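This report describes a predicted model of a protein chain.

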Amino acid sequence: MRQYEPSGSTAQDITEVLLPGPVAPEGLVVRRRSLDPPGPGRVTLRMEATGVSFAEQQMRRDKYFDQPPYPFVPGYDLVGTVTRVGPGADPAMVGHRYAALTKVGAWSSHVDLPAAALVPVPEGIDPGAAEALVVNGVTAHRMLHRLARVRPGDTVLVHGANGGVGSLLVQLARHVGATVIGTASARNAEAVRALGALPLDYRAPDLPGRVRALAPGGVNAVFDHVGGAGLTDSFRLLARGGTLVSYGTAATRDVDGDAMLPVLLLFARLLWWNALPNGRGAHFFNLWSGHRRATDFRRRFARDLGEVLSLHAEGVLIPPVAARVSLSEAASALALAESGTVVGKVLLVPDHP
């Protein structure tokens, strides 16, 4: 039986990681503070795992769209156990494990959240594996099934096939019955091959030519998190009727200047390509689309995460976890995630008691 802290009216001491401004990873601050009891309709979730994503890498550079003013606690999502409930929240939630999408605030030992925003995590699923699927799994699932609509017999190109999202895209596409070409660094080629993809070194000369050698008629879908100049090659590699799904601008991560400019240029390019009479489509994936209609947004997210967790329980979808790092060592975890040397997602877990 899980141990949990009973609901009560007293404040609780918690540990959290603070992003004080545009700093290097070692500039993160670990602090203790008091967390008030949850208010009406809210709960306290004790963190069991939270992730280090590209969003936090951008936030520390002050380059993530609509990030809050400094200082703030990063953390895009988490999995944990409900320890306290506020008035109007179901007391039966206490002691059970849930996932939550937060955008910020999850790099904390305990997080105050709306009860309605939580998605149940089935018994028997490791909290770290579940955490690696909250954002990455839903992102991969929606891009592959709802935007690109990949079908059996298709050939798809996944850039960054060793990454948190890319590795899940490979698995989902293979499950559908598609052939997958995956780009990664040479050191990660075998890991990509083990996932079921044909690996290509993303630094190789004439990468588009190498893709065409494997798919002479073009590919049916490209999933591109890099953006920048290479996005044009991604679009040109599409077969007629194919779909490009862009979901990031990693190429401009270290470029100084307005954080919105690369995104606006990307949107303009996608609009132009969609206007061309060549039967190809180009989309930008935004996980937060429709979030202002909170009830519908939460319902769709719960549905899709439920499907992803079911695929994991069936053994279809195994999220690679690169490392599990203690919360107080968040600086090391962020540096590791930014190193480009890992396969899968870097997780933060509670400090040892």
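## Backbone features, cores and a pocket

Pro 71 lies in the loop that runs between helix H1 (54–59) and strand S4 (77–85). The peptide bond joining Tyr 70 and Pro 71 is cis, with omega at about -10°. The loop between H1 and S4 is also the place of Asp 66, a residue other than glycine whose phi is positive, near 60°. A positive phi is found again at Arg 149, likewise not a glycine, with a value of about 50°; this residue sits in the loop between H2 and strand S8 (155–158).

| Residue | Relative accessible area | Class |
|---|---|---|
| Asp 66 | 43% | partly exposed |
| Arg 149 | 57% | exposed |
| Leu 238 | 3% | buried |

Arg 149 is classed as exposed because its relative accessible area, 57%, is over 50%. Leu 238, at 3%, is buried because its value is under 20%.

**The nonpolar interior.** In soluble globular proteins, nonpolar side chains tend to be buried together. The largest nonpolar core of this model has 82 residues, and the members that touch the most others are Val 82, Trp 107, Leu 118, Val 150, Leu 169 and Phe 223. Helix H2 (residues 127–147) makes the greatest contribution to this core, with eight residues. Another core, of 17 residues, lies apart from the largest one; its members include Leu 207, Val 219, Leu 237 and Leu 238.

Beyond its neighbours within four places in sequence, Leu 118 is in contact with Val 43, Leu 45, Val 82, Met 93, Tyr 98, Ala 99, Ala 100 and Leu 113.

Leu 238 belongs to strand S12 (residues 238–246). With neighbours within four places in sequence left aside, the contacts of Leu 238 include Gly 218, Val 219, Asn 220, Ala 221 and Val 222, as well as Arg 280 and Gly 281. Leu 238 and Val 156 are 82 residues apart in sequence, while their C-alpha atoms are 9.1 Å apart in space.

**Helix H3.** How does the span of helix H3 (residues 164–176) agree with 1.5 Å a residue? Its 13 residues should span 18 Å, and the end C-alpha atoms are 19 Å apart, which agrees. Eleven of the 13 residues are buried, so H3 is largely enclosed by the rest of the structure. Among the buried residues are Gly 164, Val 165, Leu 168, Leu 169, Gln 171 and Val 176.

Strand S6 (110–114) and helix H8 (294–313) each supply at least two lining residues. H8 provides the largest share, six residues.

Conventions
Residues numbered from 1 in each chain as written. Predicted model: local features only at pLDDT ≥ 70, side-chain atom pairs only at ≥ 80, totals over all residues. Heavy atoms only, no water. Core = buried A, V, L, I, M, F, W, Y, C linked by side-chain atoms within 4.5 Å. Buried < 20%, exposed > 50% of the residue type's maximum accessible area, 1.4 Å probe, protein only. Helix = DSSP H or I, 4+ residues; strand = E, 2+ residues; numbered from the N terminus. Contact = heavy atoms within 4.5 Å. Expected span 1.5 Å × (residues − 1).
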